[in-house]
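Please open the model in your viewer and keep the sequence panel beside it. The tour below moves from one selection to the next and says what is found at each stop.

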Amino acid sequence: MEKIVSLAKRRGFIYPGSEIYGGLSGTWDYGPLGVELKNNIKQLWWRMFVQERDDMCGLDAAILMNPKAWEASGHVSGFSDPLVECKKCKRRFRADQVGEKCPECGGQFGEVRQFNMMFKTHVGAAEDESSVSYLRPETAGGIFVNFKNIVDSFHPKLPFGIAQIGKAFRNEIAPRDFVFRAREFEQMEIEYFVRPGEWGAAFTEWQANVHAFNEVVGIPRGSVHELEVADGDRAHYSKRTIDFEFDFPFGRKELYGLAYRTDFDLKAHAESSGVDLSYLDDASGERFVPHVIEPSFGLDRTILALLASVYTEDELGGEPRVYLKFNSAVAPIKAAVFPLLKNKPELVAKAREVYSMLKKQIPQIMWDDNGNIGKRYRRQDEIGTPYCITIDFDTLGEKPELADTATLRDRDTGEQERASIDNIVSRIA
Ligand code: GAP
């Protein structure tokens, strides 16, 4: 874990939030490579679950919502973790994560109390109870309150889903394990609406879809385990939940969740808002409140599981090396272009030409002319760039039969092949 956290910081994937002020616990800033990686994962998810399907709609709802929505959903009264405070040092812990005594000073704990995890804020100039709102603790809330809007605008036929990617906020008592448990994080969520009797088949379909997504991202099937969450351990809205757990470096922990939320949310919002959220089923002529299956993907946990999966140490040419074995779809940089020597203008000009040609087709291309070629390869390996392209004197026609060819070096094997530039460009693009 330490190696992953250190590489993530050193190479510009993930920095501690507000670091120059000593940080802010539970917050993380994604650097230049981290944001590319994150965007690639979001795009894969969006494409797979929204754009390539005919039964899905996308949404980008506001983070701040009318607080009545969180009262109706049960979050104001019930979205809490058990908290204990040490009588001696006053430190606070999650009751289910500590033993009998304070781990810091050995003091006694006071009574266990419920701590609501929603961040409270005020909307508008008045700072009183009437202006209280919350930062959303799950993106799902924005989906349920837009159910009627989407039905009215698009008349989708059941079953259909609404998908959203966005930030969620939870005032975790004990943020820990890098981006695994943060106070500000991103979710990719789907509410998939079905006829009440058809929830079982949809649940099974989404169970398979979760694994299919992991495969596309590059999280191996063998590291993901399904846990049927027992009665009493499920969220208040769920009649069935499967947790998809991943073998993180700190243990087997929840990566994603899949829940059958029944008609709990639509019914609760209908009752609380007074707006009819039922659906008229053209097929049967019946009017009813649809039930919902919810696959919920944590984006930051996807990134951590992926980093843990692709982090590789091996030996190449007798030297130890570290590389990230990203597949091309998620790799933040798809290829790097080098001139063999940076002080030969003709090599630099040709390399710039190849770089620009590639960058027009795929923007995630990097230029590097720093240090010797071996060092450049190692730097690209460490950030998971699948290919390096080197422009040398043969590219310029020193051996006429090799003019307009370059070397293409494979990250995983370290092997180089010579191919025409056109061929290289079309292979990478
Ligand atoms: N809408 C359902 C829901 O929010 P959840 O199990 O509380 O269910 C869903 O959260 C997913 O969000 C989790 O499986 C995890 O991937 C991610 N997640 C939850 N809390 C998180 C946190 N504090 N930091 C990072 N990711 C978190």
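Helices (H or I, at least four residues) and strands (E, at least two) are DSSP runs, numbered from the N terminus. This is a predicted model, in which local features need pLDDT of at least 70 and side-chain atom pairs count only at pLDDT 80 or more, while totals for chains, interfaces and linings use all residues. Residues are numbered from 1 along each chain as its sequence is written, and side-chain values use heavy atoms, with hydrogens and water left out.

**Stop 1**

Begin with histidine 155, which lies in the loop between H6 and S10. Histidine 155 has a positive phi of about 45 degrees although it is not a glycine, and with 53% relative accessibility it counts as exposed (buried means under 20% relative accessible area, exposed over 50%, partly exposed in between, with a 1.4 Å probe and protein chains only). Now select proline 159, which is found in the loop between helix H6 (147–154) and strand S10 (160–169). The peptide bond that joins leucine 158 to proline 159 is cis, with an omega of about -5 degrees.

**Stop 2: the sheet of seven strands**

Next, colour the strands of the open sheet whose order is S3-S10-S11-S17-S14-S13-S12; there are seven of them, and their pairing is mixed (two strands pair if DSSP finds at least two bridges between them). At the edges are strand S3 (56–59) and strand S12 (224–228), each of which pairs on one side only. From one strand to the next, the twist averages 25 degrees (axes are lines fitted to C-alpha atoms, for helices over the stretch in contact, and angles run from 0 to 180 degrees between N-to-C directions).

Within this sheet, look at strand S11 (residues 184–194) and strand S17 (residues 291–298), which pair in the antiparallel sense over six bridges. Glutamate 189 stands opposite serine 296 in S17.

**Stop 3: the ligand**

Which residues are closest to the ligand? Of the 21 residues that surround the ligand, the closest are Glu138, Arg170, Glu189, Glu254 and Leu255 (a residue is near a molecule if one of its heavy atoms lies within 4 Å of it). Select glutamate 189 again: an N or O atom in its side chain is 2.5 Å from a nitrogen atom of the ligand. A backbone N or O atom of alanine 182 lies 2.8 Å from a nitrogen atom of the ligand, and a polar backbone atom of leucine 255 is 2.6 Å from an oxygen atom of the ligand. On its own the ligand has 550 Å² of accessible area, and the protein covers 91% of it (accessible areas come from the Shrake-Rupley method with a 1.4 Å probe; for residues, only the protein chains shown count as cover).

**Stop 4: a hairpin**

Move on to strand S18 (residues 311–316) and strand S19 (residues 319–324), which run antiparallel and are joined by six bridges. Threonine 312 has tyrosine 323 in S19 as its bridge partner. Two residues lie between the strands of this hairpin, in which glycine 317 takes a positive phi near 60 degrees.

**Stop 5: the sheet of five strands**

Now display the open sheet of five strands, in the order S21-S20-S22-S23-S24, where the pairing is again mixed. Strand S21 (365–367) and strand S24 (416–420) are the edge strands, each pairing on one side only. Strand S23 (residues 405–410) pairs with S24 in the antiparallel sense over five bridges, and threonine 405 stands opposite serine 420 in S24. Across S21, S23, S24, strand S20 (335–339) and strand S22 (387–391) lies helix H11 (residues 373–383), which runs at about 170 degrees to S20.

**Stop 6: glutamine 364**

Finish at glutamine 364, in the loop between helix H10 (345–361) and S21. Is this residue, glutamine 364, buried or exposed? Glutamine 364 counts as buried, because its relative accessibility is 14%. Leaving aside residues up to four places away in sequence, glutamine 364 touches several residues, including Glu36, Asn40, Ala331 and Pro332.

Note on methods:
Contact means heavy atoms within 4.5 Å. A polar contact is a pair of N or O atoms within 3.5 Å; within protein, one must be able to donate a hydrogen and the other to accept it, and residues adjacent in sequence count only if both atoms are side-chain atoms.
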